[in-house]
Amino acid sequence: MLMPRKMKFRKQQRGKRRGLSGRGQEITFGKFAIKAISCGWVSARQIEAARRAMTRHVKRGGEIWIRVFPDKPVTTTSAETPMGSGKGSLDHFVAVVKPGRILFEMDGVTPDVAKEAMRLAARKLSVKTSYITKQE
């Protein structure tokens, strides 16, 4: 599972998710990509599930690049905990995704295989996405 090696602070505040992605909007490495068209948090488990779905569909052929990294810690409190008992312990990590962000890229496969693999991966993610290709 993806997670940071080291963190300066163990617990973070939630933050705002408005606006467009400031970077990561261009296809850099491959020819085919999934682009986010809504904002949200994508967990490390979702990223791994999407990566596995793509890898299995292309039968371990081609190349896949993951363009997001889950570096935001999310905390949870246990069930039936009374109010005022402080912030919960660290539970999992998420990547903050804004509209326009490239999530995955792929190369080395045919366009039909890439589109189907990306469709399978997009089903695993909690944000709305679109399939795009590089304009040469």
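Which residues line the largest pocket? The legends below begin with that site, in a predicted model.

**Figure 1. Lining of the largest pocket.** The residues that line the largest pocket are M1, L2, M3, S43, A44, R45, L90, D91, H92 and F93. The volume of this pocket is about 150 Å³. Sorted by class, its lining holds six nonpolar, two polar and two charged residues. Rolling a probe the size of a water molecule over the atoms shows where empty space is left.

**Figure 2. Helix 1 and strand 5 at the largest pocket.** At least two lining residues come from helix 1 (44–57), and at least two from strand 5 (89–97). With four residues, strand 5 gives the most to the lining of the largest pocket.

**Figure 3. The salt bridge between R51 and E48.** Side chains of opposite charge can pair when their charged atoms come close. In the whole structure, a search finds four salt bridges. One of them joins the side chains of R51 and E48, at 2.7 Å from N to O. Both residues belong to helix 1, where R51 and E48 are three residues apart, about one turn of the helix. R51 has 28% relative accessibility and therefore counts as partly exposed, since partly exposed covers the range between under 20% (buried) and over 50% (exposed).

**Figure 4. The salt-bridge network of E48, R51 and R52.** Salt bridges link E48, R51 and R52 in a network. The pair of R51 and E48 within helix 1 is shown here together with R52.

**Figure 5. The salt bridge between R67 and E105.** The closest N and O atoms of R67 and E105 are 2.2 Å apart. This pair links distant parts of the chain, 38 residues apart. R67 sits in the loop between strand 3 (63–66) and strand 4 (72–76), while E105 is in strand 6 (residues 102–107). Are R67 and E105 buried or exposed? Both residues are buried.

**Figure 6. The salt bridge between E116 and R119.** E116 pairs with R119 in a salt bridge whose closest N and O atoms are 2.8 Å apart. Helix 2 (residues 111–122) holds both E116 and R119, three residues apart, about one turn of the helix. E116 has a relative accessible area of 27%, so E116 is partly exposed. For R119 the relative accessible area is 41%, so R119 is partly exposed as well.

How values were computed. Residues numbered from 1 in each chain as written. Predicted model: local features only at pLDDT ≥ 70, side-chain atom pairs only at ≥ 80, totals over all residues. Heavy atoms only, no water. 1 Å grid on protein atoms, 1.4 Å probe; cavity = no way out; pocket = protein on both sides within 12 Å on 5 of 7 lines; lining within 4 Å. Points joined across faces, edges and corners; volume = space filled by probe spheres on them. Nonpolar A, V, L, I, M, F, W, Y, C, P; charged D, E, K, R; others polar. Buried < 20%, exposed > 50% of the residue type's maximum accessible area, 1.4 Å probe, protein only.
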